[in-house]
Number of protein chains: 2
Amino acid sequence: MAGKRLTLADVARAAGVSKMTASRALRDAGDVSRESVEKVQRAAREIGYIGNPIAMSLSSQRTNLVGVVVPSASNIVFAEVLAGITEALSDSGFQPVIGVTDYDLDREAETIRSMLSWRPAGLIVTGLDQPEAARRLLEHAGLPVVQIMDTDGTPTDGCVGIAQTDAGAAMGRALLEQGRRRIGYIGCDLAGDTRATKRWLGFEAALAEAGVPLAGTLVADRSSSIAAGRQLTAEFLSQHTNIDCIYYSNDDIAVGGLFHCLHAGIPVPEEILLTGFNGLDLVEALPVPIATTITPRHEIGFKAAELILAAAERRSTRVDTRIELPTRIEMAAGFH
Amino acid sequence: MAGKRLTLADVARAAGVSKMTASRALRDAGDVSRESVEKVQRAAREIGYIGNPIAMSLSSQRTNLVGVVVPSASNIVFAEVLAGITEALSDSGFQPVIGVTDYDLDREAETIRSMLSWRPAGLIVTGLDQPEAARRLLEHAGLPVVQIMDTDGTPTDGCVGIAQTDAGAAMGRALLEQGRRRIGYIGCDLAGDTRATKRWLGFEAALAEAGVPLAGTLVADRSSSIAAGRQLTAEFLSQHTNIDCIYYSNDDIAVGGLFHCLHAGIPVPEEILLTGFNGLDLVEALPVPIATTITPRHEIGFKAAELILAAAERRSTRVDTRIELPTRIEMAAGFH
DNA sequence: ATGAAAGCGCTAACAT
DNA sequence: ATGTTAGCGCTTTCAT
């Protein structure tokens, strides 16, 4: 059991070549005879050699790591983004390393710093609006950085996301087109989520442009959840009358709102049209239709990882690419 | 910009001490005068030194990494387990490194192998029933391993979880106690999820013991989701009559079932009692009550990480601890 | 095509 | 309490 771990020297000895030849053979690093390659790879397999990425990284001054910083792991949206990243990275030899900030701005800089200390091949970070300290870290990182989810602003290096303000505005116009006029807004955790704030501002501006003021606003400093949506909706409707539409900061809260309406016997969407954001699977399965903006979560992750991969391949320290993905409004999402 | 990265030698020079003293001072490794510690830490801060964990790890032959292997990242259950792990690890100096297998048994061994190559301080792996190859890797890992979620079986080293078979049986008895007799079972993805299979077997055994056969069974080879639950329930109810209760392999599928019933106008829970597993927040917010078994997801992650930490602290290669956490049945979960 | 020497940035072990 | 000497396991560079 245990015993000392096998090293490259063991493989070299078993194959009857030098460490260098073994190293090259295992990496397909050219300039090795077919013969040697086979000998070495067979020897490695036979003795059960597993390379040591730590030593590899220290020696080569580069890692096969891609750092990913997201605000939440339990939010299905980021889980889907991560799935996209993982898919793009699979079979590339690169590994994602995930850091979670829990929407804590101080922890964000700390997390980024800690990722950078591993000198990853690239970094994927959520959002365009890091506080000063974090932004400085990204600027001086000296490696490819992709900021994701949002394209409203100036990225440090590259970005992949959607136009958040426009998305909010588009939904505002769409709701007006449906004839809704007594429109409320309910949001959670806006301090930590600048994307939601942008949508809200875009939404409000679109209504204002049509001369329709928001009929009411309820923003809670708590984290977004279905339960929060349910409670906030109950509170909101007890304070405002004749509301015919509510725009929520995301789908979770909107579904909570729907649960309140179902429980209270309020006809959805006839009396009140509920509107979320993201187009989660949950929403598509709802027994009653609500509106939402469908976002390409998986694709955002996939493309971001592709950009890092491409930069790593050409040994560049920059991505320098800006990708704005389209969104789509669905007025009656749900299974009906 | 960029330029060469600062190393320990730079700190030592700036502080006017040797590399060794600087190293010890930065790590609080004893045997350094208060004076030197301060000088070094100030120098490090001033020049903006960030340590290189790769070099540290290679030299010390140990890392601050804890490997975590889960079947799915987008499943909220594992996201909550990860949150527990992250919380236990925060401020410990250890970092989780996450690997996702997507319920693919081949990928599991590969993922474990890849985690092990980094020589983490410990490994947290989902489930007790790895296929042979993966199990061998764990046995020969030579580091603390904690298998999570399940305690029905023999762990390689330590485990933290719940008694899955018992949990299924307990729910079976509870439903009988409610007077339900025409009970169906609907499950998804049971090949990849041995825990769900154990619950099912326990459940069926409990019914059999009372002389009540399952009124029907529908198991789909697709991944678990709300949409799947909705479709499978529709299918199931079209095939079986007089069903008064359905046990689902988890909460997601049960919620899908509820959505079908709400849409079809079937009174829940009066006519049919729906039963999930986990006690997700989603379930607690539902407008109509369903039954579920509440599981300590967060705590499982937290305790597993604590075990790794404790083993690392005493420089042990084993955890050798088995923790079985209690579950609780709630017959009318939801907000009503 | 192969190998020898040097070193990546740090810490363990052993001085002093 | 501080410093010196050797590596950790690999790759880079430079010979051959």
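A residue is near a molecule or strand if one of its heavy atoms lies within 4 Å of it. In this predicted model, local features need pLDDT of at least 70 and side-chain atom pairs pLDDT 80 or more, while totals for chains, interfaces and linings use all residues. Residues are numbered from 1 along each chain as its sequence is written, chains are lettered from A and ligands numbered from 1 in the order written, and side-chain values use heavy atoms, without hydrogens and water.

**DNA strand D**

Sugar or phosphate accounts for 56% of the atoms of DNA strand D within 4 Å of the protein, and bases for the rest. Of the 26 residues around DNA strand D, A:Leu8, A:Met20, A:Ser23, A:Tyr49 and A:Ser59 come nearest.

| Residue | Atom of DNA strand D | Distance |
|---|---|---|
| A:Lys19 | base nitrogen | 3.2 Å |
| B:Thr21 | phosphate oxygen | 2.8 Å |
| B:Asp31 | phosphate oxygen | 3.3 Å |

**Chain B and chain A**

The contact (heavy atoms within 4.5 Å) takes 42 residues from chain B and 42 residues from chain A. The two chains bury about 4,300 Å² between them, 67% of it on carbon and sulfur atoms; buried area is the accessible area (1.4 Å probe) lost on putting two parts together, summed over both. On the chain B side, B:Ile54, B:Trp118 and B:Arg119 lose the most area to chain A, together 17% of what that side buries. Between the chains there are zero salt bridges, a salt bridge being a side-chain nitrogen of Lys or Arg within 4 Å of a carboxyl oxygen of Asp or Glu.

Key
Polar contact = N/O pair within 3.5 Å; in protein donor to acceptor, adjacent residues only side chain to side chain.
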